[in-house]
Amino acid sequence: MDEIVRFENVGLRYGAGTETLADLNFTLYPGSFYFLTGASGAGKTSLLKLLYLSQRPSRGVIRLFGEDAVTMPRERLPGFRRRIGVVFQDFRLVPHLSAFDNIALPLRVAGVREKDLETPVAEMLDWVGLGDRASARPATLSGGEQQRVAIARAVIGRPEILVADEPTGNVDP
Ligand SMILES: Nc1ncnc2c1ncn2[C@@H]1O[C@H](COP(=O)(O)OP(=O)(O)OP(=O)(O)O)[C@@H](O)[C@H]1O
Ligand SMILES: [Mg+2]
């Protein structure tokens with residue numbers, strides 16, 4: 001099976017001081033689930049940021065979809081990021097947008113026409129059990145409901161990689 005992610009001798013240092021992450025070496029394959037555990041502050045979110053390209057490593061090689069993601073030209077990064085769905089630890093929903101519009105966002109950014117949005121977004125809302133909250137703003141939703149909107153937004157674009165940072169922290173068993 002072809003690898004989809006590879007980290008080679010990756011290190012991450014925030015500012016001066018010791019490395020937060022050191023000597024990361026691992027390979028991930030398509031069609032698989034991987035789980036990362038560690039104490040609070042161990043560096044889980046930092047590792048995921050490297051994976052979804054919101055943080056550059058201070059050393060080492062990160063290969064995504066068979067390409068070097070660290071040295072790739074900046075203008076190619078947005079296209080790469082669209083292939084990766086992310087559920088953030090702090091959700092990061094857009095506060096002035098409804099649940100529907102938050103979930104529709106990745107499709108709109110990708111240029112999907114309005115008439116083609118309705119059905120997939122409605123299906124996603126139903127899938128996460130929020131079919132009746134389409135017009136609700138994030139602040140009026142519970143933590144678990146916001147998390148479910150975040151999950152729906154992360155998967156609606158059918159990303160090749162889904163990165164989820166503590167995605168079940170606020171939802172039912
Ligand atoms: N942007 C940043 N600048 C400086 N230090 C940071 C930054 N982000 C994280 N850190 C530090 O890096 C370390 C790892 O943080 P990280 O958020 O990756 O941990 P975590 O394993 O996700 O923790 P938690 O389980 O609490 O979410 C912590 O000591 C944190 O203070
Ligand atoms: Mg974290």
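Predicted model: local features only at pLDDT ≥ 70, side-chain atom pairs only at ≥ 80, totals over all residues.
Helix H3 passes helix H4 in a right-handed crossing. The axes of H3 and H4 (residues 118-127) come within 10 Å and cross at roughly 125°. That angle makes H3 oblique to H4.

H3 also packs with helix H5 (residues 143-155), here at an angle of about 25° and with the axes 7 Å apart. Since angles under 35 degrees count as roughly parallel, H3 and H5 are therefore roughly parallel to each other. H3 passes H5 in a right-handed crossing too.

| Helix pair | Axis separation | Angle | Handedness |
|---|---|---|---|
| H3 and H4 | within 10 Å | roughly 125° | right-handed |
| H3 and H5 | 7 Å | about 25° | right-handed |

Now to the aromatic rings. Where the ring centres lie within 6.5 Å, the rings pair, and by this rule the count comes to four aromatic pairs. One of them is formed by Phe7 and Phe26, which are stacked, at 4.4 Å centre to centre and with 20° between the planes. This pair links distant parts of the chain: Phe7 belongs to strand E1 (residues 5-12) and Phe26 to strand E2 (residues 21-28), 19 residues apart. Phe7 counts as buried, because its relative accessibility is 1%. Phe26, at 22% relative accessibility, counts as partly exposed.

Another pair joins Tyr52 and Phe88. Their ring centres are 5.6 Å apart and their planes stand at 90°, so this pair is edge-to-face. Tyr52 lies in the loop between helix H1 (44-51) and strand E3 (59-64), while Phe88 lies in the loop between strand E5 (84-87) and helix H3 (99-109), so the pair ties together parts that are 36 residues apart in sequence. Are these two residues, Tyr52 and Phe88, buried or exposed? Both Tyr52 and Phe88 are buried.

The charged end of Arg83 sits over the ring of Phe65, 3.9 Å from the ring centre. The charged end of Arg83 also sits over the ring of Phe80, where the distance to the centre is 5.6 Å.

Arg63 is found in strand E3 and is partly exposed, with a relative accessible area of 27%. From Arg63 to Glu166 the C-alpha to C-alpha distance is 24 Å, and the two residues are 103 residues apart in sequence. Ile4 has its place in the segment before E1. With a relative accessible area of 12%, Ile4 is buried. The C-alpha atoms of Ile4 and Leu105 are separated by 25 Å, and these residues are 101 residues apart along the chain.

Notes. Residues numbered from 1 in each chain as written. Chains lettered and ligands numbered in written order. Heavy atoms only, no water. Phe/Tyr/Trp six-rings, centres within 6.5 Å; stacked < 30°, edge-to-face > 60°. Helix = DSSP H or I, 4+ residues; strand = E, 2+ residues; numbered from the N terminus. Buried < 20%, exposed > 50% of the residue type's maximum accessible area, 1.4 Å probe, protein only. Lys NZ or Arg CZ within 6 Å of the ring centre and 35° of its normal. Axes fitted to C-alpha atoms, helices over the stretch in contact; angles between N-to-C directions. Parallel < 35°, antiparallel > 145°, perpendicular 65-115°, else oblique. Left-handed = near helix turned anticlockwise from the far one by under 90°.
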